[in-house]
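Welcome! Keep the structure open as you read.

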Amino acid sequence: MTDTHALYTVNEIRQVEQAALANSPSYALMQRAGTAAGELAYELLQSTEKERRVLVLAGPGNNGGDALEAASQLMNAGLKVFITLPFPTDTLPADAQQALQRAKASKATFIASDDPAISSTDWAMVIDGLFGIGLSRAIDGSLHELIATINQLGCPILALDVPSGLNADTGAIVGDDAGIAIQATHTITFIADKAGLHTCEGRDFAGAVTVATLDIAAERFPPASMHLNHPALFAKCLRPRRHNTHKGSYGDVSVLGGAHGMVGAAVLAARAAAKCGAGRVFIACLADSLLYDSMQAELMSRLASNIDYSTTTTVAGPGLGTSRLARDILGKAIIANTPLVIDADALNLIGHEPALQEKLLARSAATIITPHPLEAARLLATTTQQIQGNRIAAARALAGTFRATTILKGSGTVIAAPDGTVVLNTTGNPALATAGSGDVLAGLSGALLAQGCPEWEAALAAVYLHGLAADELVKRGIGPIGLTAGELIPEIRSVLNQLVSG
């Protein structure tokens, strides 16, 4: 059985495709792809009240052939299909030529790519078959204008394989700021799922993703090193609690942070750790301003210099600052060699202090780092643009460099292990782009480590639950606009208990 959560690179998919073509009749894969696309388009069109006029964009390669085959299928189903071919047809590959002849035989209407009807027609759907997974340079000129027009139409757009202009491996727009991509509402991707559809710009441009394997046997696929996150990956560490336990059964968490003026970040992390199951939670403050948390009186406050880091799981960084004192106490927490989550200012200190990096590399206990792209850029001495240009490669580099499970935050959060294994998270929404959201994630990660979760499963579970809580809140109208980090905490507790009991 095909692994429905597996992700493959373009090179891996090409190898699978070549092996399948060698054992299939000519045109078989294109016909299957076009049929799958046509069936999905027809299904999506059932809910429209518009006249069923479909515009098909067909490019110069086999992706264009897939689109032409889909056009034939839709014409045969009784829809009104219009096709634009912005490239010379005599350069189409052999299979795409065959698809073109089938489309012509179906009596679909062919229109020029600069026809004013493209922008003035009330289309029920646009099918994007301009470029597949092989695009290597930014889309420019008249094609840039065509895509800009398509993106303004306001109708459903079904992209074939990947939205034209999107890098299938990275999720970045090909050509960065110079490029453009189709902003699809739906994508049907062929043979196997691609990472670029689920991270960086992918989640905004791919829409709802459907995978069509084209009936290629599962044994033709190599073992996947990338997957989409789902509960089965971490279910073993979410177990119901036994009756015969006590607070000591669930570990201590110390949140190292809370410098003057930044205590709120540490409080958010500590509240998250407490509400997600840690037995006891301490706020290890650099500042002495917090006597107790009046909203969460169960939390205990200590001066950071008075904590024994050898007996606790530590969440280091929320509101920590970058003072000399912060650096010195962070060093103590690192060498304590107990479970450690490194976030925020702790990451910035490590990025600037080779001595802290050496201490980090000497650890054998569980270590999770949780950078956002700017923090990741500081750690790898590069730019945020470079990080976002290939988030998967960046997460792997961080995990390998610092020998730590890495959570590279952002749209389609990337979780990477030091051995190169990668998981892309599937939950979450723009509501998480709010101050303190990362502090809550760090506290949740620490709580799971304190309760005995291995670092890999703890990272996967924390990111999944964090995003799922935001999704559930948005369903109830709490966000995405205006959702605050503190509102996430009780919802995370709720979805955590639901997963444990379910």
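This is a predicted model: local features need pLDDT of at least 70, side-chain atom pairs count only at pLDDT 80 or more; totals for chains, interfaces and linings use all residues.

With a relative accessibility of 66%, D215 counts as exposed. Its phi is near 60°, a positive value in a residue other than glycine. Most residues other than glycine have a negative phi, and most peptide bonds are trans.

D176 also has a positive phi, near 55°, and is likewise a residue other than glycine. You will find D176 in the loop between β6 (157-160) and β7 (186-190). Is D176 buried, partly exposed or exposed? Its relative accessibility is 42%, so D176 counts as partly exposed.

A peptide bond worth a look comes next. G479 and P480 are joined by a cis peptide bond, with omega at about 10°. P480 belongs to the loop between α16 and α17, and those two helices return below.

**Two buried alanines**

A20 is in helix α1 (residues 10-22). Its relative accessible area is 4%, so A20 is buried. Leaving out residues up to four places away in sequence, A20 touches L29, I216 and R220. Between A20 and L214 there are 194 residues of separation in sequence, yet their C-alpha atoms are 9.7 Å apart in space.

A67 is found in helix α3. At 0% relative accessibility, A67 counts as buried. The partners of A67, not counting residues up to four places away in sequence, are V56, L57, A58, G129 and L160. F82 is 15 residues from A67 along the chain, and their C-alpha atoms are separated by 11 Å.

**How helices pack**

Two packed helices are described by the angle between their axes and the distance between the axes.

| Helix pair | Angle between axes | Distance between axes |
|---|---|---|
| α3 and α4 | about 25° | 8 Å |
| α15 and α16 | about 140° | 9 Å |
| α16 and α17 | roughly 110° | within 8 Å |

Take helix α3 (residues 62-76) and helix α4 (residues 94-105), whose axes make an angle of about 25°. That makes α3 roughly parallel to α4. The crossing of α3 past α4 is left-handed. On the α3 side the contact has N62, G65, L68, E69, S72 and Q73, which meet D95, A96, A99, L100, R102 and A103 in α4. By class, this contact of α3 with α4 holds five nonpolar, four polar and three charged residues.

α15 passes α16 in a right-handed crossing. From α15, the residues making the contact are S437, V440, L441, L444, S445, L448 and L449, while α16 brings E455, A458, A461, A462, V463, L465 and H466. Sorted by class, the contact of α15 with α16 has 10 nonpolar, three polar and one charged residues.

The axes of α16 and α17 cross at roughly 110°. The two helices are therefore roughly perpendicular to each other. Y464, L465, H466, L468, A469, A470, E472 and L473 of α16 make this contact with E487, L488, E491, I492, V495, L496 and L499 of α17. The residues of the contact of α16 with α17 divide into 11 nonpolar, one polar and three charged.

In soluble globular proteins, nonpolar side chains tend to be buried together. Here the largest nonpolar core has 59 residues, and the members touching the most other members are V253, I283, I415, V440, L448, L488 and I492. At least two residues of this core come from each of β11 (252-257), α8 (263-275), β12 (280-285), α15 (437-450), α16 (455-475) and α17 (485-501). Which element supplies the largest share of this core? It is α16, with 13 residues.

Setting aside neighbours within four places in sequence, L488 is in contact with L432, S437, V440, H466, A469, A470, L473 and L483. There is also a second, separate core of 55 residues, and among its members are A20, L29, A41 and V56. That brings us back to A20, whose partners include L29.

Technical notes. Residues are numbered from 1 along each chain as its sequence is written. Side-chain values use heavy atoms; hydrogens and water are left out. Axes are lines fitted to C-alpha atoms, for helices over the stretch in contact, and angles run from 0 to 180 degrees between N-to-C directions. Helices (H or I, at least four residues) and strands (E, at least two) are DSSP runs, numbered from the N terminus. Angles under 35 degrees count as roughly parallel, over 145 as roughly antiparallel, 65 to 115 as roughly perpendicular and the rest as oblique. A crossing is left-handed if the near helix is turned anticlockwise from the far one by less than a right angle, and right-handed if clockwise. Contact means heavy atoms within 4.5 Å. Ala, Val, Leu, Ile, Met, Phe, Trp, Tyr, Cys and Pro count as nonpolar, Asp, Glu, Lys and Arg as charged, and the others, Gly among them, as polar. A nonpolar core is a set of buried Ala, Val, Leu, Ile, Met, Phe, Trp, Tyr and Cys residues joined through side-chain atoms within 4.5 Å. Buried means under 20% relative accessible area, exposed over 50%, partly exposed in between (1.4 Å probe, protein chains only).
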